[in-house]
Amino acid sequence: MKKKIALIFGITGQDGSYLAKLLLKKKYEVHGVIRRSSSFNTKRIEDIYVDPHYSKDFFLHYGDMTDALSINNLISKLKPNEIYNLAAQSHVAVSFDLPEYTANVDGLGTLRILEAINTNKLQKKTKFYQAGTSEMYGSSSPPQNEKTSFNPRSPYAVSKLFAHWITINYREAYGIYACNGILFNHESPVRGYTFVTQKIVQALCKIKKGSKEKLFLGNIYSKRDWGHAEDYVKAMWLMLQQKTPQDFVIATGEQYTVKNFIELVAKKLDMKINWKGQGLKEKGYYKGKEIIKIDKKYFRPTEVESLRGDYTKAKRLLKWKPSHNINTLVTDMIKKII
Ligand code: NAP
Ligand code: F7E
């Protein structure tokens with residue numbers, strides 16, 4: 001039987017690397033789009049990389065979300081059965097520094113893929129997954145589900161909201177099988193170093209081993225619903241295997257503050273943290289030494305205070321539920337370091 005062809009934008013990222021592995025296991029021919037970079041950006045997929053001279057099912061191509069020609073050329077050449085758009089400037093804080101670039105990559109980039117599917121007349125052949133985000137809910141109260149209104153609080157969230165609605169519009173206007181996954185925070189051992197969970201895990205592991213470094217953080221009272229990326233990429237695939245295209249919230253339904261996350265990591269490392277002070281003066285001590293400080297540079301101009309997803313629809317229609325909880329997530333993240 002002919003292998004299904006999948007094209008992943010953002011294959012070098014956290015989710016892209018997990019999804020590529022999942023699809024290879026499912027016997028897909030996997031194609032990934034990478035950006036030209038002066039240093040290697042393929043570390044997360046080194047274990048599945050095969051020299052193109054020998055590969056039968058894994059291929060990388062240069063492309064960029066800001067370059068409509070590269071996107072159109074790839075889609076018209078490969079005519080994929082499934083396209084996963086995971087490419088994004090995905091850092092919320094950075095989106096305040098790079099608002100136009102974020103809108104171009106995360107918002108218009110999605111439109112470029114949809115337009116390529118449409119103009120190449122692939123509506124009947126190609127299914128499309130769009131990596132939406134709980135950040136689109138912004139200030140809406142939890143629990144958030146598919147019916148909750150969006151109140152975005154960053155250029156990142158606003159750009160993703162454009163991508164969300166343009167995906168729905170192309171589904172309705174041109175009959176493309178296109179789905180939005182509205183994914184709540186998900187982490188893993190290969191999470192980027194500047195996201196708060198990885199930043200905490202890396203720093204506490206080093207401090208436990210005797211490093212004198214300190215952990216500088218911003219708002220440690222915001223609440224997030226943290227899942228494991230390995231579970232979440234399965235939901236992406238499931239969304240493209242249904243009879244009709246729909247949008248789904250993917251989450252754990254549990255919520256913790258950043259401070260809870262710090263304490264959980266510390267507990268697993270057998271470290272007791274004592275907290276003193278409040279606000280910008282709050283500090284964390286380990287064995288009498290100051291190891292955690294608040295730095296206002298990590299506060300965002302507008303913050304998303306409280307996210308907790310209701311994934312009832314995914315459970316009912318996709319038969320999806322998370323296999324990890326915050327405990328197993330943290331254990332997995334620590335295990336890869338110590
Ligand atoms: P990530 O680790 O930051 O990966 C982002 C990917 O996009 C990388 O492969 C990156 O390439 C690529 N990329 C960035 N700009 C690009 C451009 N201009 N052209 C082509 N590729 C570009 O993100 P992630 O955590 O895997 O998340 C995957 C997707 O889900 C993103 O769209 C993110 O916004 C969304 N999302 C993430 C979460 C989460 O909690 N992880 C939750 C909801 C939604 P380089 O490796 O070269 O930088
Ligand atoms: O921040 C607070 C920060 O950057 C989580 C992305 O994958 O998930 C992610 O976005 C919370 C925020 O993730 C630091 O203010 C405190 O309240 O790890 P984060 P995020 O902003 O929730 C969503 C669903 C996505 O779609 C995004 O792509 O932690 N926080 N101190 C800090 N955050 C960071 N990064 N660094 C700190 O020092």
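How many residues of the shell around ligand 2 are nonpolar, how many polar and how many charged?

Tutor: The shell around ligand 2 divides into nine nonpolar, nine polar and six charged residues. Here Ala, Val, Leu, Ile, Met, Phe, Trp, Tyr, Cys and Pro count as nonpolar, Asp, Glu, Lys and Arg as charged, and the others, Gly among them, as polar. The model is predicted: local features need pLDDT of at least 70, side-chain atom pairs count only at pLDDT 80 or more, and totals for chains, interfaces and linings use all residues. Residues are numbered from 1 along each chain as its sequence is written, chains are lettered from A and ligands numbered from 1 in the order in which they are written, and side-chain values use heavy atoms, without hydrogens or water.

In total, 24 residues surround ligand 2, and the closest are Ser90, Thr133, Ser222, Arg300 and Glu303. A residue is counted as near when one of its heavy atoms lies within 4 Å of the ligand.

A polar backbone atom of Ser90 is 2.6 Å from an oxygen atom of ligand 2. Tyr156 places a polar side-chain atom 2.7 Å from an oxygen atom of ligand 2, and an N or O atom in the side chain of Ser222 is 2.6 Å from an oxygen atom of this ligand. Taken alone, ligand 2 exposes 690 Å², of which the protein buries 95%; such areas come from the Shrake-Rupley method with a 1.4 Å probe. The elements that give two or more residues to this shell are α6 (196-208) and β8 (215-217). Helices (H or I, at least four residues) and strands (E, at least two) are DSSP runs, numbered from the N terminus.

The side chain of Tyr156 has an N or O atom 2.6 Å from an oxygen atom of ligand 1. Polar backbone atoms also approach oxygen atoms of ligand 1: that of Leu86 at 3.1 Å and that of Gly10 at 3.3 Å. Ligand 1 alone exposes 900 Å², and the protein buries 90% of that.

Note on methods
Polar contact = N/O pair within 3.5 Å; in protein donor to acceptor, adjacent residues only side chain to side chain.
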